[in-house]
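Subject: Structure handover

Hi,

Here is the structure I promised you. Please open it first, then read my notes below.

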Amino acid sequence: EEHDCNNNKTSQTNITTTSSSSSLNSLKKQPRFSISIYFWLLLSTLIVSFVGFLLLEFLPSFQKEKLKKNEIILNKSENKNELKTNNNKLTDKILLLIAITVVAFVLYGFIPGLASYSALPYGNDIMHLCVTLGLITQPISSLIATFIQIKSTLHIWLTTLVGILIACYILVFSCLSPCPPFKDTNWGGYIMVACWIITFALFMF
């Protein structure tokens, strides 16, 4: 039964009895805007960016900004070699675009949403280290990449594949949450922190 707050007094014994009950009610604040509005804003930003890149690529007024190709008269054999070189460059560009798409999807798509599922079973400290050190690793890797550049498409893809494998490790352990392997060990959490740091470092590099 629920009891109201009452002050009961008895004149014979001069004893005052006070009974009170309290309850906690959750107070939900209304969001400033709905989720659908957020996704529409995000979609409009992507569309505007895509249109901007198309304008930079195809508008005649921006063609002057591109590097002018040197006009060289080549014989037939040289023309064949040039065609092969152009085909190789086109293949490299396609592979690099695919790598960029994969990296962007992993790094900014599903990896940030897995922090609580992959790291929280090992404790609050492990989760804090994963998120904090992962964010610190991004600018450091970008700074190192300005001095140590990887220009080989093969090396770039090898780095991307290693990052994908480690990201798959994080994904699998997130699916096994809240009871992932090595949950009751200290080194299991340290492995997860190392995976987060290496993933951000490889993808940002």
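A pocket, as used here, is an open set of grid points with protein on both sides within 12 Å along at least five of seven lines. Keep in mind that this is a predicted model.

**The largest pocket.** About 410 Å³ of space lies in it. Its lining counts 17 residues. Nearest the centre are Ile100, Val103, Phe203, Met204 and Phe205. Helix H2 (76–110), H5 and H6 each give two or more residues to the lining. H2 provides the largest share, with 6 residues. What is the make-up of the lining: how many nonpolar, polar and charged residues? There are 14 nonpolar and 3 polar residues, and no charged ones.

**Two packed helices.** Look at helix H5 (residues 153–175) and helix H6 (residues 186–204). They pack at an angle of about 145°. Their axes are 9 Å apart. The crossing of H5 past H6 is left-handed. On the H5 side, the contact includes Val162, Ile166 and Phe173. On the H6 side, Trp196, Leu202 and Phe203 are among the residues met. The contact has 14 nonpolar residues, 4 polar and no charged.

**Confidence.** The chain averages a pLDDT of 76, and 74% of the residues score at least 70. Helix H1 (residues 35–58) has the highest mean among the elements, 88. Strand E1 (residues 6–10) has the lowest, 43. Residues 1–17 have a pLDDT below 50; beyond near neighbours in sequence, this stretch has 16 contacts in the model. Residues 69–77 are also below 50, and that stretch has 3 such contacts.

Best wishes

Notes. Residues numbered from 1 in each chain as written. Predicted model: local features only at pLDDT ≥ 70, side-chain atom pairs only at ≥ 80, totals over all residues. Heavy atoms only, no water. pLDDT = per-residue confidence, 0-100. Helix = DSSP H or I, 4+ residues; strand = E, 2+ residues; numbered from the N terminus. Contact = heavy atoms within 4.5 Å. Axes fitted to C-alpha atoms, helices over the stretch in contact; angles between N-to-C directions. Left-handed = near helix turned anticlockwise from the far one by under 90°. Nonpolar A, V, L, I, M, F, W, Y, C, P; charged D, E, K, R; others polar. 1 Å grid on protein atoms, 1.4 Å probe; cavity = no way out; pocket = protein on both sides within 12 Å on 5 of 7 lines; lining within 4 Å. Points joined across faces, edges and corners; volume = space filled by probe spheres on them.
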